[in-house]
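Welcome! Here is a friendly walk through a structure that may be new to you. Please have a look at it first, and then read on.

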Amino acid sequence: TGKFLLIVLTFAFLLLNLTCAYAQDLDKAQELFLREDYKASITECEKLLSLNPDKEPPAEVYYLLGLNYLKSGNYLKSRDIFQVIINEMPKSSLRQEACLGIADSYFQEGDFAKARAHYQRFIGDFPQSQFLSLVYLRLGQIDLKQGRWKEAADLFLKIKRDYPLSFEADTAQRL
C-alpha cells in the first residue's frame, strides 16, 4: 500500500505541474497578444495545442489563436480556427465570440456582403447577446461604407436608444 500511495502522489504531483505549466503558457500567449506580438503568441498557442494531442484543448486556446490570426491579417486562418470552436465545441462559452470573430474577419477583409450576412445571422442566433450593440455598430459601419446613410443612421439611433451606456453608443454618436 505504501508503493501504491507513492505512485498516486507522484502522478498527482506530475499532473499538477503539467496543469500549472499549461496555465503559465496560456498566460504567456495572452500577454504576447496584448503586447501585439501576434507571431509569438501564435507560436505559444500552437505549442499549447501540441502538448497533449489526445486531449481536447480548451476553447480559450483556439479563441486566442483565432484572434491572433485575425489581428495579424490572416483572415482565412482566423475563420478556420473560429470554426473549430463552433463545430467541434458547440457547448463552449466562447461560441458567440467565435461567431463574431468570423464576421469581424470578413469586415476587416472588406467583404461587407459576407460580414453583413454573418452579423445578421448572429442577431438571429443570439437575440439576447451582450454583443448586440457591437453587431449593430458593425452593420451601421458597413452601411456607411456602402453609402446607405439612412440605414446607418437608423442603426446608430437604435444603439443610442437600446444600449445607451455601451461603448458603441459613444461611437454611434460620433458616426
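## The nonpolar core

In this predicted model, the largest nonpolar core has 49 residues, and those that touch the most other members are Tyr62, Leu65, Leu100, Tyr119, Phe122 and Ile159. A nonpolar core here is a set of buried Ala, Val, Leu, Ile, Met, Phe, Trp, Tyr and Cys residues joined through side-chain atoms within 4.5 Å. Buried means under 20% relative accessible area, exposed means over 50%, and partly exposed lies in between, using a 1.4 Å probe and protein chains only. Helix α3 gives the largest share of this core, eight residues.

Leaving aside residues up to four places away in sequence, leucine 65 touches Ile42, Cys45, Glu46, Leu49 and Ile81, where contact means heavy atoms within 4.5 Å.

## Helix α3

Helix α3 covers residues 59–71, 13 residues in total. From its first C-alpha to its last, helix α3 reaches 18 Å, close to the 18 Å expected at 1.5 Å a residue; the expected span is 1.5 Å times one less than the number of residues. Just after α3, glycine 73 takes a positive phi of about 85 degrees.

How many of the 13 residues of α3 are buried? Eleven are, so α3 is largely enclosed by the rest of the structure. The buried residues include Ala59, Val61, Tyr62, Tyr63 and Leu64, and Asn68 is also one of them.

## The whole protein

Stepping back, the protein has nine helices and zero strands, giving the pattern α-α-α-α-α-α-α-α-α along the sequence. Helices (H or I, at least four residues) and strands (E, at least two) are DSSP runs, numbered from the N terminus. Among the 175 residues of the protein, 43% count as buried.

The accessible surface comes to about 10,800 Å², and 57% of that belongs to carbon and sulfur atoms; areas come from the Shrake-Rupley method with a 1.4 Å probe, and for residues only the protein chains shown count as cover. Of the contacts between residues at least 6 apart in sequence, 43% join residues at least 24 apart.

## Salt bridges

Side chains of opposite charge can pair when their charged atoms come close. The structure holds ten salt bridges, each being a side-chain nitrogen of Lys or Arg within 4 Å of a carboxyl oxygen of Asp or Glu. One of them joins lysine 47 and glutamate 44, with the closest N and O atoms 3.5 Å apart. These two residues sit three residues apart in helix α2 (residues 38–51), so about one helical turn separates them. Lysine 47 is partly exposed at 34% relative accessibility, whereas glutamate 44 is buried at 8%. Lys28 joins Glu44 and Lys47 in a network of salt bridges.

Another salt bridge brings together aspartate 104 and arginine 138, at 3.6 Å from N to O. Aspartate 104 lies in helix α5 (residues 95–109) and arginine 138 in helix α7 (residues 132–145), so this pair links distant parts of the chain, 34 residues apart. Buried or exposed? Aspartate 104 is buried, with a relative accessible area of 12%, and arginine 138 is buried too, at 19%. Arginine 116 and aspartate 143 also form a salt bridge, their closest N and O atoms being 2.7 Å apart. Arginine 116 lies in helix α6 (residues 112–125) and aspartate 143 in helix α7, so the pair ties together parts that are 27 residues apart in sequence. Arginine 116 is buried at 17% relative accessible area, and aspartate 143 is buried at 3%.

## Cysteines and a buried glutamine

A disulfide is a covalent bond between the sulfur atoms of two cysteines.

Glutamine 141 is found in helix α7 and is buried, with a relative accessible area of 16%. Apart from residues up to four places away in sequence, glutamine 141 touches Phe107, Phe156 and Leu175.

## Reading the numbers

Residues are numbered from 1 along each chain as its sequence is written, and side-chain values use heavy atoms, with hydrogens and water left out. Because the model is predicted, local features need pLDDT of at least 70 and side-chain atom pairs count only at pLDDT 80 or more, while totals for chains, interfaces and linings use all residues.
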